[in-house]
Amino acid sequence: MQFLVHPPLWALLITVLILIGLVLYVGRLNLNLRHSKKVLEVEIGERRRAEENLMQNENHLRQIIATEPECVKLQTPEGILLEMNPAGLALMEAGQPDEIIGTSVYNIIAPEFRDDYRKLSTRVFAGESGVMEFQIISLKGRRRWMETHAVPLRDRCNKVIALLGITRDITARKHAEEGVRQHYRELAHASRVNTMGEMASGLAHELNQPLAAIANYSHGCLRRIRSGTGTVDDLTRAIEQVCNQADRAAEIIRSLRGFVNKADSPHQPQDIRDIVHEAILIVGPEARTHEVEINLKFMPDMPRFMGNAIQIEQVILNLIRNAVEAMSNMPPVLRRIDLRTSIEGNMAVVEVRDFGPGLPHETLARIFDPFFTTKMTGMGMGLPICRSIVEAHGGTLSAFHNEKGCGLTVRFTLRRAMEETLHE
Ligand SMILES: Nc1ncnc2c1ncn2[C@@H]1O[C@H](COP(=O)(O)OP(=O)(O)O)[C@@H](O)[C@H]1O
Ligand SMILES: [Mg+2]
């Protein structure tokens, strides 16, 4: 009993120690809690600031998109438009956003472009980006050319959630391009009709007379010889006429050169690169149809030459056409034309090299003769006209077999503009 009422001193001591320990522990706990609270407060503050920043950024972004002059849109894989900025709505000629938002993009895309757009959309949702030109039909029924850059929009887990498209109106550019193409088509047509057609039909017409006379006199001679009625004098006179008419025919062909030399526009410094590009604009589609690849190798800093751009374009067109035609029976992988420019002394050099069958040596010597052709429907006037044009420019036109492998290289030279200026 006495033990219970008066605990021994050591027990009291232990109790006191335990109490002190508890007090210290609670104090420590309190300190930790306060510290944690402070850390938490700081973190909450930072998060709030981050959220505010985020909101501000989003606000900025929205303002930028809203004032962006190009159409910015978001779209689902099925083509439903989720968002579009005011510039986009204006482009689609929509009065209210709900005339567009929530509808299908395919309602606006012109029918002939829908399949391609669908393919682009599939690629974007597979994670790729793409660019495409297409036509839309606005809500007011107007057709416009658009160019869109489409990229995948991803969530935090990197999953593609929408197609983000930035689209601009390129109608004016397209019309300008079409205008230029039309101009070149007309130019090519006009110059072809002028030089080839007019000249060839004129020549044929003029040659008809001497040729008919030659035939008449020769038949007459033969008749007299066969019937034994012709005297030597008669026959000599007839053969003299044959010679005269043949000379006349030769003179008509020579006048071809004079005709080409009468350049209607004066020779001016020209950039060969520009002229080649213009010729490619015309002949490129033909070459592609025949699966011929044209490689251009321009010498850097090529000096300009003096001349008539249309005529030199005509030469390049003829040489490329001949090369394309020469390779028509080659396997498509070998159908290639190398067009290269270089300079040699005071002359600019243009070479058109093909990898076709080339020509036998005896034929090679004749290809510049008027009316020489190995083609069923050929006129045989392409190369003679080219040679006349090039020579009228103070240059030369020649053809030789490629050193290695098969094929022909046709090469022409033109006087450098510098040289012309020095002479003047
Ligand atoms: N790159 C070439 N490869 C092989 N033969 C060619 C080539 N270019 C021209 N020829 C030959 O030269 C001939 C004359 O060419 P051209 O004067 O342009 O007339 P055309 O093309 O109307 O036949 C052609 O029929 C062809 O036999
Ligand atoms: Mg030809």
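In which hand does α8 pass α10, left-handed or right-handed? The crossing is left-handed, a term used if the near helix is turned anticlockwise from the far one by less than a right angle, with clockwise giving right-handed.

## Basis of the description

The model is predicted: local features need pLDDT of at least 70, side-chain atom pairs count only at pLDDT 80 or more, and totals for chains, interfaces and linings use all residues. Residues are numbered from 1 along each chain as its sequence is written, while chains are lettered from A and ligands numbered from 1 in the order in which they are written.

## Overall composition

The protein contains 11 helices and 12 strands; these are DSSP runs numbered from the N terminus, helices being H or I of at least four residues and strands E of at least two. Among its 424 residues, 21% count as buried. A residue is buried if 20 or more other C-beta atoms, placed from the backbone, lie within 10 Å of its own, exposed if 12 or fewer, and partly exposed in between.

Of the contacts with a separation of 6 or more, 62% join residues 24 or more positions apart. Two residues are in contact if their C-beta atoms, placed from the backbone, lie within 7 Å.

## The pair α8 and α10

Two packed helices are described by the angle between their axes and the distance between the axes. For α8 and α10, the axes come within 9 Å and cross at roughly 145°; axes are lines fitted to C-alpha atoms, for helices over the stretch in contact, and angles run from 0 to 180 degrees between N-to-C directions. From α8, the contact is made by Gln-311, Gln-314, Val-315, Asn-318, Leu-319 and Asn-322, and from α10 by Gly-382, Cys-386, Ile-389 and Val-390. These residues divide into five nonpolar, five polar and no charged. Ala, Val, Leu, Ile, Met, Phe, Trp, Tyr, Cys and Pro count as nonpolar, Asp, Glu, Lys and Arg as charged, and the others, Gly among them, as polar.

Helix α10 is largely enclosed by the rest of the structure, because nine of its 11 residues are buried. The buried residues of α10 include Gly-382, Cys-386, Arg-387 and Val-390. Just after α10, Gly-394 takes a positive phi of about 80°.

## Surroundings of ligand 1

Ligand 1 is surrounded by 20 residues, the closest being Asn-322, Ala-326, Thr-373, Gly-378 and Gly-382; a residue is near a molecule if its C-beta atom, placed from the backbone, lies within 6 Å of it. The elements that give two or more residues to this shell are α8 (309-326) and α10 (382-392). Helix α8 provides the largest share, four residues. By class, the shell holds nine nonpolar, nine polar and two charged residues.

## The antiparallel sheet

Strands of a sheet pair through backbone hydrogen bonds, either parallel or antiparallel. One open sheet of five strands has the order β2-β1-β5-β4-β3 with antiparallel pairing, where two strands pair if DSSP finds at least two bridges between them. The edge positions belong to β2 (81-84) and β3 (130-137), each with a single partner strand, so one side of each is left without a neighbour in the sheet. Neighbouring strands are turned by 30° against each other on average, direction ignored.

Strands β4 (residues 143-154) and β5 (residues 160-169) pair over nine bridges, and His-149 has Ile-166 of β5 as its bridge partner. Strand β1 (residues 71-75) is joined to β5 by five bridges, with Val-72 opposite Ile-166. In the hairpin of β4 and β5, with five residues between the strands, Asn-158 takes a positive phi near 70°. Helix α4 (residues 114-125) lies across β3, β4 and β5, at about 140° to β3.

## The mixed sheet

An open sheet of five strands with mixed pairing has the order β7-β9-β10-β12-β11. Its edge strands, β7 and β11 (397-401), each pair on one side only, and the twist averages 20° from one strand to the next.

Strands β10 (residues 347-354) and β12 (residues 408-415) run antiparallel and are joined by seven bridges; Val-350 stands opposite Phe-412 in β12. Helix α8 packs on the sheet, touching β9, β10 and β12, and its direction makes about 20° with that of β10. Helix α7 (residues 272-289) lies across β7, β9 (336-344) and β10, running at about 170° to β7.
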